[in-house]
Amino acid sequence: MKILYIDPVFGMSGDMMIGALIDAGVPFEALRELVGKISPDVPSMKPVRLTQGVISGIHLEMGESDRYFSISGMEEIISGIDVDGRVRDDALGMLSLIVAAESKIHGVSRDKIHLHELSHIDTIIDLLCVAYGVRFLAPDRVFCGPVPCGSGTITTSHGSIPNPPPVTLEILRGHTLVFYGETLELTTPTGAAIVAWYMKQGGVVPAFRTIREGYGVGTYKCSRPDVLRIFTGETDEPAYDQEVVVIEADLDDMEMEYMGAVADRLRAAGALDVLFFPVSMKKGRMGIRLSVTSGESTFEKVVDMIFAETTTFGMRFHTHMRRVLRREETTVATSFGPVRLKKGFSPSGRLTKTHIEFEDIRSIADAKGIPYREALELVRKEIEKG
C-alpha cells in the first residue's frame with residue numbers, strides 16, 4: 001500500500017502544503033498551468049527554496065490580488081476547470097467542509113455566508129493545487145500527525161477572535177490537536193479542510209518505508225522550525241483494514257422525501273456509507289432505519305448532522321472492522337467517447353474486478369437514445385476487445 005503521511009510540524013496551511021508537494025516531486029509547471037485556467041489575472045506564483053535552520057524546503061511566494069468570490073462563484077470556477085474530475089471533486093469537497101463549518105459557527109444558511117478572507121482567489125488556488133498534487137502522488141491512504149494550533153487571539157475581518165478560530169476547530173472536530181503558546185494562526189481553515197478531507201477514513205499510521213519527502217517552509221522565526229513536511233511511503237500491512245463506526249437511528253416521523261437529501265449531505269460530510277430502509281417499530285408502526293458508516297475522524301460531524309437533519313432524539317453506534325480493495329480509477333478511449341473505469345486490487349496487487357462508471361454509460365445511452373443496459377454491453381464488449 002502506498003501512503004502519504006502529513007507531518008504538520010508547525011501548523012497546516014494551503015500554501016505550505018503546496019510547497020511540500022512541490023518539494024516531494026509534484027511538477028510546478030503543471031500547477032502553474034492549472035492556476036492559469038482559473039482566470040487571466042491570477043496572482044503570480046513562484047517556488048523559492050528557503051532554509052529553516054538545517055531544513056531546506058519550498059516557500060511559495062504569491063503575488064498580490066484583490067479578487068474575491070462568492071461561494072457559488074468559487075464552486076463555478078472549480079467545477080469548470082479543465083482537469084481530472086477527481087481533482088475537481090477533491091477541491092469542491094474541501095470547500096464544502098469550509099462552507100459547512102462557517103454555516104454552523106455563524107448559525108446561518110450557506111446562501112447567506114460570506115467567507116471574508118477565505119473568499120480570496122488564493123483559496124481557490126490552494127484547493128486546486130493541493131488536490132492536483134495529492135492526485136499526482138497517488139497515495140492509497142492519507143494520514144496526518146497531530147495538528148498544531150496557536151493560542152491567544154488573532155485579528156481578522158470579524159475583529160479579534162480566539163486562536164485557533166472557531167471555524168478551524170469545527171473543521172478539525174474529531175482530529176488530534178496539539179496547542180502551542182504562539183499567538184499565530186498556525187493552522188488555517190484551508191489547512192484544516194485539507195486534513196479533514198483526506199483523513200476521512202481515519203486510522204493509525206502504519207509502519208512504512210519512505211520513498212520521498214517534501215518540505216513546505218514558512219518565514220516565521222521562533223524556537224520551532226516553521227515547516228510542514230510530507231512523506232510518501234509503502235507499507236506491507238493489510239492495505240485496507242479500517243476501524244469504522246456504524247451509527248443507527250430509527251425514525252417514525254420523518255418525511256421520506258427528505259431522506260435522500262439527508263443522505264447526500266451525510267456523504268458530503270465524510271460518511272463512508274449511508275443506508276435507510278423500512279423497519280417495523282412499536283405498535284406496528286412503520287418507520288425508517290438510518291444506518292451510517294463513518295470513520296473516527298468524521299464521527300462527531302456526522303452525529304451532529306444526523307441530529308440537525310433528522311427527527312431523532314438519539315442514536316446507537318458501535319465499532320466494526322471493514323476491509324476494502326485498493327481502488328484505482330482510469331479513463332479509456334472508446335468509439336463512444338472516454339469512459340471511466342474503477343479497478344479493485346487485492347493486497348497482493350492482483351486485479352480482482354473492474355466497474356464501468358454508470359454516469360458515462362448514462363451519457364452515452366442518452367446521446368444515442370438506447371437503453372442503459374444496451375449501452376453498457378456495447379461499451380463492455382469494446383473494452384474487452386481493446
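I began with arginine 224. Its charged end sits over the ring of tyrosine 180, 3.7 Å from the ring centre. I note here that the model is a predicted one.

**Aromatic pairs**

I then looked up ring pairs. The structure holds seven aromatic pairs. I picked out phenylalanine 358 and tyrosine 372, which pair edge-to-face. Their centres are 5.8 Å apart, and the planes make 75 degrees. The angle is over 60 degrees, so the pair counts as edge-to-face. Where do the two residues lie? Phenylalanine 358 is in helix α10, residues 358-368, and tyrosine 372 is in helix α11, residues 372-385. The pair therefore ties together parts that are 14 residues apart in sequence.

I checked the exposure of both partners. Phenylalanine 358 has a relative accessible area of 39% and is partly exposed. Tyrosine 372 is partly exposed too, at 38%. I also noted an aromatic cluster: Tyr5, Phe208 and Phe231 form one.

**Threonine 168**

Next I went to helix α6, residues 166-171, which contains threonine 168. Is threonine 168 buried or exposed? Its relative accessibility is 0%, so threonine 168 counts as buried. The cut-off for buried is under 20%. I listed the contacts of threonine 168, leaving out residues up to four places away in sequence. Threonine 168 touches Glu185, Thr187, Thr188, Pro189 and Ala192.

**Histidine 318**

I moved on to strand β14, residues 316-323, where histidine 318 lies. Histidine 318 has 34% relative accessibility, so I logged this residue as partly exposed. Which residues does histidine 318 contact, beyond its neighbours within four places in sequence? I found Val244, Val245, Val246 and Glu248. I also looked up the spacing between histidine 318 and threonine 293. They are 25 residues apart in sequence, and their C-alpha atoms are 9.8 Å apart in space.

**Cavity**

How many cavities of 30 Å³ or more does the structure hold? I found one. The largest cavity has a volume of about 70 Å³. Its lining comprises 13 residues. Leu97, Ala196, Ala269, Thr298 and Lys301 lie nearest the centre of the largest cavity. I sorted the lining by class: six residues are nonpolar, four polar and three charged. Lys301 is one of the lining residues, and lysine counts as charged.

How values were computed: Residues numbered from 1 in each chain as written. Predicted model: local features only at pLDDT ≥ 70, side-chain atom pairs only at ≥ 80, totals over all residues. Heavy atoms only, no water. Helix = DSSP H or I, 4+ residues; strand = E, 2+ residues; numbered from the N terminus. Buried < 20%, exposed > 50% of the residue type's maximum accessible area, 1.4 Å probe, protein only. Contact = heavy atoms within 4.5 Å. 1 Å grid on protein atoms, 1.4 Å probe; cavity = no way out; pocket = protein on both sides within 12 Å on 5 of 7 lines; lining within 4 Å. Points joined across faces, edges and corners; volume = space filled by probe spheres on them. Phe/Tyr/Trp six-rings, centres within 6.5 Å; stacked < 30°, edge-to-face > 60°. Lys NZ or Arg CZ within 6 Å of the ring centre and 35° of its normal.
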